[in-house]
Amino acid sequence: MSHIKDVTGGTPIVLESLWKTYANFVAVSGIDLSVGAGRFCTVLGPSGSGKTTTLMMIAGFVAPTRGRILVSGRDIAALPPQKRNLGVVFQNYALFPHLTVFDNVAFPLIMRRVPQAEIAQRVERMLETVELAGLGGRYPRELSGGQQQRVALARALVFEPRVLLMDEPLGALDKKLRSSLQIELKALQRRLDVTVIYVTHDQEEALTMADQIVVMQGGRIEQNGTPEDLYDRPATAFVAGFMGDTNLVRGVVMAADKDGTLRIDHPTGRRIIARASGFQAGDHVAASLRPECLSIESPDGPEEPENAWDGRIAAVTYLGDAIRYHVAVGENRPTLAETLVVKAARRGTEHRRFSEGDAVRVRWSRSDARVLPPTRADARILPPMQAGGH
Amino acid sequence: MGSDVMGSDALLNPGLPVRVFAWIMLAFLMAPVLIIIPVSFSSAQYLSFPPPGFSLQWYERFLGNKDWLAAIWVSIQVATLSAVLTVIIATLAAIPLVRSDFSRKTLIYGLLLAPMIVPVIITAIALYFIFARIGMGGTVIAIAIGHTIVVMPIAVVVLSATLQGVDSRLENAAMSLGASRFQAFRRVTLPLIAPGIISAGLFAFLTSFDELVIPLFLGGPNAQTLAVRIWNSVMLEIEPTIAAVSTFLIALTVLIMVAANLLKKARRWA
């Protein structure tokens, strides 16, 4: 039995129009998702986006209102959690405090009536895999946060599940430990060839580990793609804002040429010229301008050229490898909506060129502005069966 | 329990008036105990303090009398049965009260706590009629059921609080690892709420050992508890045997409390 699993490795997971509705609240509204065998899929979203509810439906702790959950092509939506054979790592680990590390890791094997001798062997091997050899006799409270996290991982993997579900497993750790565990976790996933669905609200974590990122918002999937897709080609302003820092300049399309050139007016009266298809005059849009794509210079010349906004430096932040300028471009006092963030890479030993209060000009090229619809979640609908009730 | 409670310096180092007050209160609480224990070892033939000399005569009279021993045995039976019943029912009640959401929750919680506000004598009289009708009057079981009703509110409160302190994700984790609902309870929840179960059980046991009104109504010639025996004895005459019985009860209580504490300290994981 066990050697068959070793050969098979990860297995695909498919969610088909999965819904979770409560009396007066839609937690997950009809999502479709397909994760290939052995892939690392990160579900990313702010709190309340439905990402944890989705994970808990896959794990079996939340019953879907409707929809199918296919693991290896079999619908498991009606099975109780203990029959699903999925590894789950919980937020804060959920280690059994009254059991030693060894007994925690042995738990799933005892539940599967694995012979005693084999349990000892497999637990020891698993503890070695997560670099906890020799700590089997400790109790969870006698371990550091990082070690507890490894125990949770060992316990979820020791019975060789083909799918591993993780709910913000690194959330409680400090930043340095988190990034080293991210790399280890990814390597372990590759080695054991297990399909992972990993829920987090940390976009950096998602970019580091995922083969596939799903951004959720308001119970819907905003975008599903590779890390490169989401960072370089965000589908909505929400995704652009969530994946890394960006300036979201909201405005209205004033003119759309046949060749895809758009003229977008900002409430301050300033103008953005960009290229994008699928928009027409009157559309409310957001232009995403990545801070590293903007350049900053002295406002020379009498007239502003295309895609150049004059403003005043409101703040300067020294980042070590770069300098971040907050440029107030509004007519009035600088509000967040009227500030452009520019990240200028430092070249050599060159020091900050501008300081607070300086008049500057921020420029970008047409291709650096991504024009996006505001968000998909703005148009929320109810599941067909309950549509009449609301 | 108080070892991990942090307080300000002012609370940890109270001033002189507070200390004096605390010692007076403590003396007030301990005085009866401090008088009864020496009296029980008195060589006098009547209740007198301080005792004129040392003697074990009253213990001889207490433990050498088969009526007293029979009463102790009945009390042990009643208290044990009542503790077991209390713990089982209170645990089963606490699980849905804490873990699930249902519409009549407040009502059921209220009903479980009701015996706390109903005077014991009312409960006793009501039970007397019921047990008399079904022919169970004067039995150990009847008294134990009566005591179970009386301690149930406290036991439910204690166990609900204990269960509240156990993260329900641990049960979810157990199930995700292949445990059935029952196995998750047996192997994860139960060991974690064991301290609460032991506390509730000991409380039920000691309360039952002390309680007089219920066995007075529901007992009979064949089921006379220690409390009833003491009551009957002091109705006739007050002699130092009572002091010996009281000392025995105090020793039993202290012993059980110490044992419970040692048990708690023996756990390495908590």
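**View 1. Helical make-up of chain B in the predicted model.** Chain B holds twelve helices and zero strands, where helices are DSSP runs of H or I with at least four residues, strands are E runs of at least two, and numbering starts at the N terminus. This is a predicted model, in which local features need pLDDT of at least 70 and side-chain atom pairs count only at pLDDT 80 or more, whereas totals for chains, interfaces and linings use all residues. Residues are numbered from 1 along each chain as its sequence is written, chains are lettered from A in the order in which they are written, and side-chain values use heavy atoms without hydrogens or water.

View 2. Of the 270 residues in chain B, 37% are buried, meaning under 20% relative accessible area with a 1.4 Å probe and protein chains only. Among contacts (heavy atoms within 4.5 Å) with a separation of 6 or more, 70% join residues 24 or more positions apart. The C-alpha atoms fill a box of roughly 70 × 60 × 30 Å along the principal axes.

**View 3. Charged side chains of chain B.** There are 16 positive and 11 negative side chains in chain B, and the centres of the two sets lie 11 Å apart; Lys and Arg count as positive, Asp and Glu as negative, while His and the chain ends are not counted. Each charge is placed at NZ of Lys, CZ of Arg, CG of Asp or CD of Glu.

Technical notes. Buried means under 20% relative accessible area, exposed over 50%, partly exposed in between (1.4 Å probe, protein chains only).
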